[in-house]
Amino acid sequence: MAYHSFLLEPISCHSWNKDRTQIALCPNNHDVHIYKKDGTKWTKIHELKEHNGQVTGIDWAPESNRIVTCGTDRNAYVWSLKGEVWKPTLVILRINRAARCVSWSPKENKFAVGSGSRLISICYFEQENDWWVCKHIKKPIRSTVLSLDWHPNNVLLAAGSCDFKCRVFSAYIKEVEEKPGPTVWGSKMPFGEVLFESGPSGVSGGAGEGAGGGWVHGVCFSHSGNRLAWTSHDSTVAIAEGGKTSTISSLSSETLPLLCVSFITENSLVAAGHDCYPVLFVYDGTKGSVTFGGKLDVPKQTSQRGISARERFQNLDRRATSSETTEQGLESLHKNSISQISVLEGGKSKCSTFCTTGMDGGMVTWDVKVHTHTLHTHTV
Amino acid sequence: MAKNTLSSRFRKLDIDEFDENKFVDDHDEPVDNQGPDGAEIDNLIRQYPLRDMMTAFHIALRNPPVNTKNPAIKERALAIVLRVLTSFKSSDIEPAVKSLDRSGVDLLMKYIYRGFEKPSDNSSAILLQWHEKAFAVGGLGSIVRVLTARKTV
């Protein structure tokens with residue numbers, strides 16, 4: 001585990017390059033800064049200034065080495081490295097509200113932008129006009145799209161939205177790809193088709209009235225694409241398995257809402273949010289249950305010292321308990337909400353390292369092997 | 001100047017109601033949850049003031065009127081549940097909370113917060129004790145679910 005404090009301001013979003021030596025992040029303003037790793041130090045090597053509003057999403061395509069950014073100025077830019085300089089290309093998204101999240105497809109021939117205009121823009125490059133063109137997925141989204149994740153087949157796209165639903169859409173663009181084969185989510189995939197929708201009116205939920213209660217903050221497909229996990233603002237995490245449309249397993253957790261989630265093996269996922277530490281969840285496919293696997297940020301036990309009578313009364317006055325611990329702040333590494341998780345090594349099937357950034361301007365890289373060993377949980 | 005600049009009648013219109021993109025909740029199953037049975041609970045409380053509080057408690061939490069939009073039904077259910085909650089002894093609260101499952105604790109939390117809205121003579125003290133015990137089991141998540149639930153009790 002390594003904690004690096006980049007800024008004093010929140011990191012709005014981040015993305016890593018292919019070999020994980022450079023990180024592009026937005027320091028809560030209109031720019032994107034690219035930092036390069038030198039041993040244990042990080043030096044800023046580029047500043048990408050083009051947006052007129054806060055940059056809300058960054059994605060770095062590993063193979064083609066292009067960066068796509070989207071912001072509250074309703075624009076997206078695709079950046080290509082020409083020599084030593086990153087040159088932007090404007091993409092007209094035709095939205096009238098801020099863009100919220102962006103993601104390259106696995107084959108990097110298109111990307112999806114979720115926005116506050118209640119639609120998803122799927123953008124692809126048209127060779128004849130030398131221009132990025134976008135198509136909209138509008139129905140049946142009824143509020144801001146907060147998070148996106150692509151299925152490995154490059155066609156299906158999961159979207160979490162503020163209308164309390166998580167959906168899987170088809171983003172099949174016939175100009176850039178072949179017709180996809182059938183998957184567990186369905187076989188007919190015309191553009192814009194909804195193949196799955198969570199929530200009370202779609203598929204029945206697992207844990208009573210837990211389904212459909214809050215904004216869906218983070219979505220993630222598993223490595224195979226057969227499972228979809230999402231976290232919601234009502235402090236639940238849910239997993240749906242494609243094909244068996246009546247099973248959504250959800251867990252109402254005791255923590256504050258989780259903002260981001262990622263699969264680290266086919267059966268387990270790591271999520272983090274307003275509680276400032278990542279947590280592990282384990283999914284049992286045979287029983288269809290999600291269980292809490294443990295906190296991944298186990299702070300070192302500080303020595304217990306005696307507490308004087310004066311401190312006891314002071315605690316009673318300030319915090320209504322005269323408890324032993326007088327910790328002034330959070331014990332976790334992150335001192336504020338974690339807003340994004342990205343897998344560094346191992347992919348989503350055998351993740352060995354992942355990274356979190358948050359509102360405290362810090363970035364932590366976590367090793368998975370160490371923690372699953374100390375937790376004595378499932379075999380990875 | 002135009003005559004109607006003095007008129008402020010337009011200020012009484014709620015313009016958000018006319019917005020065509022206004023979010024409307026999905027309409028689910030209609031009125032099949034009528035709330036707990038008041039008579040049954042009255043009997044239990046009267047006859048066995050100490051022993052069968054647990055049964056009364058469980059009956060009170062059955063059939064929550066979450067799907068109806070009728071405020072009268074909700075008020076009735078709330079009154080019944082609050083009666084049961086306030087007639088509990090402090091020492092019995094913890095086992096009662098432990099006997100509930102996850103969604104039961106969430107439902108209990110919803111009723112507790114509804115009870116906080118209209119404090120009466122001694123309801124706040126006992127409700128706070130209920131809150132403490134329910135929080136120990138449900139954690140912050142159960143309170144978040146009270147805040148974010150679309151179907152209120």
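Q: Is Tyr77(A) buried or exposed in this predicted model, and what is its relative accessible area?
A: The model is predicted, and its local features need pLDDT of at least 70, side-chain atom pairs count only at pLDDT 80 or more, and totals for chains, interfaces and linings use all residues. Buried means under 20% relative accessible area, exposed over 50% and partly exposed in between, with a 1.4 Å probe and protein chains only. Tyr77(A) therefore counts as buried, its relative accessible area being 9%.

Q: Which class of aromatic pair do Tyr77(A) and Trp79(A) form?
A: Rings of Phe, Tyr and Trp (its six-membered ring) pair if their centres lie within 6.5 Å, and planes under 30 degrees apart count as stacked, over 60 as edge-to-face and the rest as tilted. Trp79(A) is buried, at 2% relative accessibility. Because the ring centres of Tyr77(A) and Trp79(A) are 6.2 Å apart and their planes stand at 50°, the pair is tilted.

Q: Which strands hold the residues of the aromatic pair Trp16(A) and Trp42(A)?
A: Of the 16 aromatic pairs that the structure holds over all chains, the one between Trp16(A) and Trp42(A) is edge-to-face, with 5.7 Å from centre to centre and 65° between the planes.

Q: Which residues are linked into a cluster by ring pairs?
A: Both Trp16(A) and Trp42(A) are buried. Ring pairs link these two with two further residues, so that the cluster consists of Phe6(A), Trp16(A), Tyr35(A) and Trp42(A).

Q: Which residues does Lys36(A) contact beyond its neighbours within four places in sequence?
A: Lys36(A) is in strand E4 (residues 31-38) of chain A, and at 33% relative accessibility it counts as partly exposed. With contact meaning heavy atoms within 4.5 Å, its partners beyond those neighbours are Thr21(A), Gln22(A), Lys41(A), Trp42(A), Thr43(A) and Ile45(A).

Q: Over the ring of which residue does the charged end of Lys295(A) sit?
A: A charge sits over a ring if NZ of Lys or CZ of Arg is within 6 Å of the ring centre and within 35 degrees of the ring normal. The charged end of Lys295(A) lies 4.2 Å from the centre of the ring in question, which belongs to Tyr277(A).

Conventions:
Residues are numbered from 1 along each chain as its sequence is written. Chains are lettered from A and ligands numbered from 1 in the order in which they are written. Side-chain values use heavy atoms; hydrogens and water are left out. Helices (H or I, at least four residues) and strands (E, at least two) are DSSP runs, numbered from the N terminus.
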